[in-house]
Amino acid sequence: MRIVNINIAYHFRTQTRRLQILLAITFGIFIVGLITPIITMTKFVLLENTFSVLSGALGLLKEGQFFLFVVITGFSVVLPLLKMAVLYQLLSAKRQASAHLDRYLHWMHLFGKWSMLDVFVVAVLVVAVKLGAIASVEMRVGLYAFTAAVVLTMYITARVVSLTDNLPAERQETTLR
């Protein structure tokens, strides 16, 4: 079967290698952002609660807040992991048909629309807690790691789209194996 071979890694080896390394670093930062504390809430000077994205989601599940658990877990854990998996596929060195590239780019477009929802949820949570007169909030390293992972994922996505737009017009027809 003869189809058009489109491969970002073949045409832009140096850039894709750098983006692959950055994606691996981003994945590590994302995991750190999920498991390390994002905020510490202090109420009445005596009561202190520290939680991470994962412990907060599990707390929602334990409290029977299934809808919020699904929303937070879906948009803050699953969706970013899927986005990183699609980016990995786009940056892989294997040959890809133009239909696969188009499908991956379509998924990236869909994920991109939702990528800021998790940041919005965390921001609303922080604002809501800070408004309470009886509680103070301290930002922790997990929030910064999580935010860095989101920003790096957005950067990598923009670079992949840019590289895809700059693929040579004279694409070779090859047989995929």
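Modeller: Start with the secondary structure. This is a predicted model, and its protein chain comes to seven helices and five strands. Along the sequence, the pattern is β-α-α-β-β-α-α-α-α-β-α-β.

Biologist: What share of the 177 residues in the protein chain is buried?

Modeller: Buried means under 20% relative accessible area. By that cut-off, buried residues make up 36% of the chain's 177 residues. As for the surface, the chain exposes about 10600 Å², and 67% of that is supplied by carbon and sulfur atoms.

Biologist: Among contacts with a separation of 6 or more, how many join residues 24 or more positions apart?

Modeller: A contact means heavy atoms within 4.5 Å. Of the contacts in the chain with a separation of 6 or more, 75% are between residues 24 or more positions apart.

Biologist: Which residues of the largest nonpolar core touch the most other members?

Modeller: A nonpolar core is a set of buried residues of nonpolar types joined through side-chain atoms within 4.5 Å. The largest one here has 27 residues, and Ile156 and Val160 touch the most other members. Two or more residues each come from helix 2, strand 2, helix 4 (66–91), helix 5 (98–114) and helix 7 (141–165). Helix 7 gives the largest share, seven residues.

Biologist: Which residues are in contact with valine 160, leaving aside neighbours within four places in sequence?

Modeller: Valine 160 is in contact with Ile8, Leu19, Leu87, Leu90 and Leu91, once those neighbours are left aside. Take leucine 19 from that list: this residue lies in helix 2. Not counting residues up to four places away in sequence, leucine 19 touches Leu91, Tyr155, Ile156, Arg159, Val160 and Leu163. Between leucine 19 and leucine 87 there are 68 residues in sequence and 9.4 Å in space, C-alpha to C-alpha.

Biologist: Why does leucine 19 count as buried?

Modeller: Leucine 19 counts as buried because its relative accessibility is 5%, and the cut-off is under 20%.

Biologist: How is strand 2 placed, covered or open?

Modeller: Strand 2 (residues 39–43) is mostly covered, with four of its five residues buried. For pairing, look at the bridges: five of them join strand 2 to strand 3 (residues 47–51), and the two run antiparallel. Within that pair, methionine 41 stands opposite asparagine 49 in strand 3.

Biologist: Now the surface. Which residues make the nonpolar patch?

Modeller: Phe27, Ile31, Ile35, Leu54 and Leu81 make a nonpolar surface patch of about 400 Å². Helix 2 (residues 13–35) supplies the largest share, three residues. Leucine 54 lies in helix 3 (residues 53–62), and counts as partly exposed because its relative accessibility is 31%.

Biologist: Is valine 141 buried or exposed?

Modeller: Exposed means over 50% relative accessible area. Valine 141 is exposed, since its relative accessible area is 54%. This residue is found in helix 7 and touches Thr36 and Pro37, not counting residues up to four places away in sequence. Valine 141 and proline 37 are 104 residues apart in sequence, yet 6.6 Å apart in space, C-alpha to C-alpha.

Biologist: Where is asparagine 7 placed?

Modeller: Asparagine 7 sits in the loop between strand 1 (2–4) and helix 1 (8–11). Its relative accessible area is 2%, so asparagine 7 is buried.

Conventions:
Residues numbered from 1 in each chain as written. Predicted model: local features only at pLDDT ≥ 70, side-chain atom pairs only at ≥ 80, totals over all residues. Heavy atoms only, no water. Buried < 20%, exposed > 50% of the residue type's maximum accessible area, 1.4 Å probe, protein only. Patch = residues over 30% accessible without salt bridge, like charges linked within 9 Å, V, L, I, M, F, W, Y side chains within 5 Å. Areas by Shrake-Rupley, 256 points an atom, 1.4 Å probe, with all protein chains shown as cover. Salt bridge = Lys/Arg side-chain N within 4 Å of Asp/Glu carboxyl O. Pairing = 2+ DSSP bridges.
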